[in-house]
Amino acid sequence: MQFEYYSILSISREATPEEIKKAYRKKAMELHPDRHGWDKQKEAEFKKLNEAYGVLSDDQKKAHYDRHGTMDNHGHWWFGGFGGGFQGGFDAGDLGDIFSSFFGGGFGGQTGWRSRKRADIWEDIEMRLRISLEDSILGGTRKIEFERSTTCHHCSGKGGKTETCKSCNGHGQVRERVQTVFGVMEQARACGTCGGKWEKIIEKCTYCHATGKIKEKIEKTIDIPKGIENGMTIKLRGEGNKWNDGNGDLYITFTVPENEGGLARDGADLHYSVRISPAEAVLWSERTLDLPILGKRSIDIKAGTQHGLVIAFRDEGMERLDRKWWKGSLMIHIEVDIPSKLSSDQKKLYEALLQSEWGKMKKGWMEEFFGS
Ligand SMILES: [Zn+2]
Ligand SMILES: [Zn+2]
């Protein structure tokens, strides 16, 4: 159940620390087992109330809970490491940098940029997906496979056949008197024999080796967001490891090449180089380019085109994930290709051209250099 701690305390998610404390104090008085003769139902509610307050009164735990709507069973919520299905190839120490993430509109409903904190990584699964530049430009779908942990359905996650714990008679708790902020109170502590689970395993589940968890293979078709860049991550909410009290998320980090078939990417812009002859640069030409992925584009090479000129096609680059209302540009770079091999006809023409240039130079640099 998501965010149930707030409803347990009957407060809104915007409640201040003071309000949380006040709400807890009120409920604790109402539900305290001493007032109900250890009624099992009230006792369970009291236990849950303490659990809720334990989380919501701790800044760090609360921050985590506010993000996930649930807490881990296993107590290692802080830097819990990766879920079982992690298949990445990078060092965990780099995660803060790598996950300058994009959470696509089609996935979690959140659009925008966000850095992932390491505390988020807990029941989540991380994976890498290699796609082509073409996939990134055109978008599309991709079938992925991954493994995740889920509750063992043979033992319903209990780890085996169970019976009511005799040490605590199924209370899951033992009572002790403690000094609290409200004065001395009788408080419940988890039973040491059953670990507060009310039940004891009497026959281990062989299917999950009494862990209560099994691995499942998942096949899924995901959307590739147009414009996704190398290192960007999308989040598939609830597709991570599944436990009784909630699911982790699946994070897919994309590996995308920067170059493909002569097309190079720089953010949302695409670059392509075309080589023209000196004669085309000097006189005039018209070219129809057959670009990889993008198809045909016509360019007009005007008389006197310089080497390095860039012809830009605005809004014909890649989709922008951060600013959806406009796209990048397609930049065609003009490179004047100086021929190193000439036919005899071409050689004669270049020689004639050179003679003409020398004639014009008169007292040009060549005469100065070689003497007249
Ligand atoms: Zn017990
Ligand atoms: Zn099992």
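Contact means heavy atoms within 4.5 Å. In this predicted model, local features need pLDDT of at least 70, side-chain atom pairs count only at pLDDT 80 or more, and totals for chains, interfaces and linings use all residues. Side-chain values use heavy atoms, with hydrogens and water left out; residues are numbered from 1 along each chain as its sequence is written, while chains are lettered from A and ligands numbered from 1 in the order in which they are written.

**Helix H4**

- Helices (DSSP runs of H or I, at least four residues) are numbered from the N terminus.
- H4 spans residues 59-68, and its residues Lys-62, His-64, Tyr-65 and His-68 are buried (under 20% relative accessible area, 1.4 Å probe, protein chains only).
- These buried residues fall within an arc of 160° seen down the axis of H4, so they line one face of the helix; the arc is that of the directions from the helix axis to the C-beta atoms.
- The buried residues of H4 pack against helix H1 (4-8), helix H2 (17-31) and helix H3 (40-56).
- Asp-59 and Gln-60, on the face turned away from the buried side of H4, are exposed (over 50%).
- Gly-69 follows H4 and has a positive phi, near 75°.

**Zinc site**

- The zinc ion (ligand 2) is coordinated by the SG atoms of Cys-152, Cys-155, Cys-205 and Cys-208, at 2.2 to 2.4 Å; donors are N, O and S atoms within 2.8 Å of the metal (3.2 Å for Na, K and Ca).
- The site is tetrahedral, with angles of 101 to 115° among its 4 donor atoms (four donors, all angles between 85 and 135 degrees).
- The donor residues follow the spacing C-x2-C-x49-C-x2-C in sequence.
- Cys-205 is buried at a relative accessible area of 10%, and Cys-208 is buried at 3%.

Definitions and conventions:
Tetrahedral: all angles 85-135°; square planar, octahedral: opposite > 155°, others 65-115°. Helix = DSSP H or I, 4+ residues; strand = E, 2+ residues; numbered from the N terminus.
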